[in-house]
Amino acid sequence: MIIVFKPKTKDNDLNRVIEKVENLGLKTHISKGEETTIVGLIGDTTKVDARMIEVDEAVEKVMHVSEPYKLANRAFHPEDSIIDVAGVKVGGQHLAVIAGPCSVESKEQVIEIAKAAKAAGANMLRGGAFKPRTSPYAFQGMGSEGLDILVAAKEETGLPIVSELMDARYIDEFNEKVDLIQIGARNMQNFDLLKEVGKRCTKPILLKRGLSATFQEWIMSAEYIMASGNPNVILCERGVRTFESYTRNTLDLQAIPVIKELTHLPIIIDPSHAGGKWWLVEPMAKASLAAGCDGLMIEVHNNPEKALCDGPQSLKPEKFETLMKQLTIIADAVDKKL
Ligand code: PEP
Ligand code: MN
């Protein structure tokens, strides 16, 4: 249920109504826009009589929200959310371009890629230190040592760091070292992890879509994080599983307008894991930006042939630079800032 207040409602009028609904045992979520204030009611609203609230002179209308997600719902928060990642804004007109290797392999590798990514115009650095691999025999990542390498690359370039958290035991370390904490596709429905992340992570969260998650399942996972106390969630579409096996996954471009319709959260696109082939990255990145995404996450490697993970889908720095130039033109056309 949401309460829409009359334009320019004063705080004492707002507080009177809030007190009334909180006395009914409900929690409230206030969203103040330029003109109107919206208050979302969280909890069991089935016994609430909308007319009891509507009689108040400050209230414009009371509406039922039928979706099971409230905090992520655009009805609760009509304006786009803008998330601050260590000073880099994401959402609205602000684009995030996150570039870097699939996994951290060495200090030299990460620093070389980070410098090239920054020179080409990226505004965040990615790198997996803890890697979710299908095979237990594949490279599992450098762990904490990998995070320290990312921190060193941040000191060198100033780029905020994005890295994947797989286990709640490392939350304190991620809070200290990482600027945007990624929850990977395979953990999208690890509800205990989502609750811990919501409760304890002091940094924004990048929530990737599960391999076969519906929009509602994905948004409900964001809702878990938000309801547990962390409102700063960015969604990331990274391709879904279909019958097609030629490409690694199938990029769901429709996710961009659908997520924007249903939620106020920023959505970024990862064309690298979607297609699984480096030459699909450029056309899909351009299409995603044209479709209105709030950012891109692109795997860039200085030596893809020798990469320990995801070389075939990684761009070489020169290719990334060319792509960035083309993206600048599209960003202009869709009124976004790179
Ligand atoms: C990644 O970004 O490194 C990753 C493992 O992605 P996903 O969870 O989308 O497979
Ligand atoms: Mn990867």
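**Ligand site and nonpolar cores of the predicted model**

In this predicted model, a polar side-chain atom of Arg 238 is placed 2.6 Å from an oxygen atom of ligand 1. Taken alone, ligand 1 exposes 290 Å², of which the protein buries 97%. Two further polar side chains approach oxygen atoms of the ligand: a polar side-chain atom of Gln 182 lies at 2.9 Å, and an N or O atom in the side chain of Lys 208 lies at 2.8 Å. The residues around ligand 1 also include Arg 126, Lys 131, Pro 132, Glu 164, Gly 184, Ala 185, Arg 186, His 273 and Met 297.

The largest nonpolar core comprises 66 residues. Within this core, the residues with the most contacts are Val 197, Leu 207, Ile 298 and Phe 320. Beyond its neighbours within four places in sequence, Val 197 is in contact with Leu 165, Ile 171, Ile 183, Ile 205, Ile 225 and Asn 230. A second, separate core contains 15 residues, among them Phe 5, Ile 18, Leu 26 and Val 39.

Phe 5 belongs to strand E1, which spans residues 2-5. With a relative accessible area of 0%, Phe 5 is classed as buried because this value falls under 20%. When neighbours within four places in sequence are set aside, the contacts of Phe 5 are Leu 14, Val 17, Thr 36, Thr 37, Val 39, Ala 58, Val 59 and Glu 60. Phe 5 and Thr 263 are 258 residues apart along the chain, and their C-alpha atoms are separated by 20 Å.

Conventions:
Residues are numbered from 1 along each chain as its sequence is written. Chains are lettered from A and ligands numbered from 1 in the order in which they are written. This is a predicted model: local features need pLDDT of at least 70, side-chain atom pairs count only at pLDDT 80 or more; totals for chains, interfaces and linings use all residues. Side-chain values use heavy atoms; hydrogens and water are left out. Helices (H or I, at least four residues) and strands (E, at least two) are DSSP runs, numbered from the N terminus. Buried means under 20% relative accessible area, exposed over 50%, partly exposed in between (1.4 Å probe, protein chains only). Contact means heavy atoms within 4.5 Å. A nonpolar core is a set of buried Ala, Val, Leu, Ile, Met, Phe, Trp, Tyr and Cys residues joined through side-chain atoms within 4.5 Å. A residue is near a molecule or strand if one of its heavy atoms lies within 4 Å of it. A polar contact is a pair of N or O atoms within 3.5 Å; within protein, one must be able to donate a hydrogen and the other to accept it, and residues adjacent in sequence count only if both atoms are side-chain atoms. Accessible areas come from the Shrake-Rupley method with a 1.4 Å probe; for residues, only the protein chains shown count as cover.
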